[in-house]
Amino acid sequence: MSEKVDFDQHTENYNALLRESVGFFSADDEYFARYKVDLVKKSLRIEPKRILEYGCGIGRNIPFLRESFPTAVIEGSDVSDVSLEMARQHNPDNLFYLESGQMDMEPYDLIFVASVYHHIPPAERGQATRVLVQRLNQGGNLCVFEHNPYNPITRRIVGNCIYDADAVLLEPRELKGLVKNSGLQLSNFEYCLFIPPKFKALSWVERHLGWLPLGGQYWLCGTRPT
């Protein structure tokens, strides 16, 4: 694994780097954020009252969480102070805090984690997951999206991306194990991101491909037992 990436150095050009990395799939910066939030929204049985985006970066997902869950309290955390400052500027009605692994906070009904785990050193992933589980209400959900290491295009994107220089991709079985070993019940697992939006007429096909390990990413949801 390469030296740990300092995300403060890439905050200003994060969106440009993202477009450069995944432009073949979608030139729309908002596509991925809306796509993931929509998947989570459709999977939940109960509307969450309190939501945390763990590893929120510059807050790109926050407006879509707000749109999908308009009555919820939505907060974000990250290890990059510079990114959080930008998130606050773009989302002044939301609370953001620097991530330090603390557990003494009001619990959440949903914790949303998008493409964060591959930046956590493997030896620290178990503890990070346990911290997130402790932040959940009983019956609360931890929803995690990760890059699919079985997809060669995904591996190429990660390998060429500056802010993924320290990435160690997780196989699905590792992420499932982290969730289960932390006391959550696995309630959902699917592969996703098969169809580029320019072929949106075929987007209905994605509903039937969650089992196929060829999607650009995969995601799971773990529920804290009541």
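The legends below describe close-up views of a predicted model. Local features need pLDDT of at least 70 and side-chain atom pairs count only at pLDDT 80 or more, while totals for chains, interfaces and linings use all residues. Residues are numbered from 1 along each chain as its sequence is written, and side-chain values use heavy atoms, with hydrogens and water left out.

View A. Cys221 is buried, at 2% relative accessibility. Cys192 is also buried, at 2% relative accessibility. Here buried means under 20% relative accessible area, exposed over 50%, and partly exposed in between (1.4 Å probe, protein chains only).

**View B. Helix α2 around Ala33.** Ala33 belongs to helix α2, residues 31-43; helices are DSSP runs (H or I, at least four residues) and strands likewise (E, at least two), numbered from the N terminus. With a relative accessible area of 1%, Ala33 is buried. Apart from neighbours within four places in sequence, Ala33 is in contact with Arg60, Asn61 and Phe64, where contact means heavy atoms within 4.5 Å. From C-alpha to C-alpha, Ala33 and Phe64 are 6.9 Å apart, although 31 residues separate them in sequence.

**View C. The loop holding Phe199.** Phe199 is located in the loop between strands β6 (185-192) and β7 (217-223). Its relative accessible area is 45%, so Phe199 is partly exposed.
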